[in-house]
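Here are my notes for you on this one, as a set of numbered points. Have a look at the sequence and the model first, then read on.

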Amino acid sequence: MAEGTKYEIMVKVHTTYLPEQSDEALDRYVFAYTIVLSNTGTVPAQLISRHWIIADGSGGVQEVRGLGVVGEQPLLKPGDSFEYTSGTAISTPVGSMKGSYQMVAEDGLRFDAPIPEFILSVPRILH
């Protein structure tokens, strides 16, 4: 069996602009993002920590590291999914996020589950 399919977490993202929490006059644009993590591998794996790289449209970058997500460190058995919603604020109407989740498989192997880059955009800013 190929190692790539043994340790595999698929990450899907949906973003929403939150105008009621934003203040465009003060260059504060708030976004919610909903993540669905799915264990498409063949061994159980637990999410231990996260690493985010958040970029705004003017070149500013924030890095965020921390344990778990929304206070949890979910254990995903093969075929299981875990969904959560969190948020971020940036200083421009368009930005992006990417990163990784640090996972530990049931057999003790540590691996990263990449989070593909996704766009944060106020509606009607990008075509």
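1. A word on terms before anything else: two residues are in contact when they have heavy atoms within 4.5 Å. With that in hand, take Gln-102, which sits in strand β7. Not counting residues up to four places away in sequence, Gln-102 touches Gln-46, Leu-47, Ile-48, Ser-49, Arg-50, His-51, Phe-111 and Asp-112. Its side chain also makes a polar contact with the side chain of Ser-100, at 2.8 Å (a polar contact is a pair of N or O atoms within 3.5 Å; within protein, one must be able to donate a hydrogen and the other to accept it, and residues adjacent in sequence count only if both atoms are side-chain atoms).

2. Please keep in mind that this is a predicted model, where local features need pLDDT of at least 70 and side-chain atom pairs count only at pLDDT 80 or more, while totals for chains, interfaces and linings use all residues. Residues are numbered from 1 along each chain as its sequence is written, and side-chain values use heavy atoms, with hydrogens and water left out.

3. Now the overall layout. The chain has one helix and eight strands, in the order α-β-β-β-β-β-β-β-β along the sequence. Helices (H or I, at least four residues) and strands (E, at least two) are DSSP runs, numbered from the N terminus. The C-alpha trace spans about 55 × 25 × 25 Å along its principal axes.

4. What about the inside? Of the 127 residues, 42% are buried, meaning under 20% relative accessible area, with exposed over 50% and partly exposed in between (1.4 Å probe, protein chains only). The largest nonpolar core has 29 residues, and Ile-9, Ile-35, Leu-37, Trp-52, Tyr-84, Tyr-101 and Met-103 touch the most other members. Strands β1, β2, β3, β6, β7 and β8 each supply at least two residues of this core. Such a core is a set of buried Ala, Val, Leu, Ile, Met, Phe, Trp, Tyr and Cys residues joined through side-chain atoms within 4.5 Å.

5. Ile-35 is worth a click. Leaving aside neighbours within four places in sequence, its contacts include Val-11, Val-13, Trp-52, Phe-82, Tyr-84 and Tyr-101.

6. Finally, two loop residues to check. Asp-27, between β1 and β2, has a positive phi of about 55° although it is not a glycine. Val-70, in the loop between β4 and β5, also has a positive phi, near 40°. Asp-27 counts as partly exposed because its relative accessibility is 44%, and Val-70 is partly exposed at 46%.
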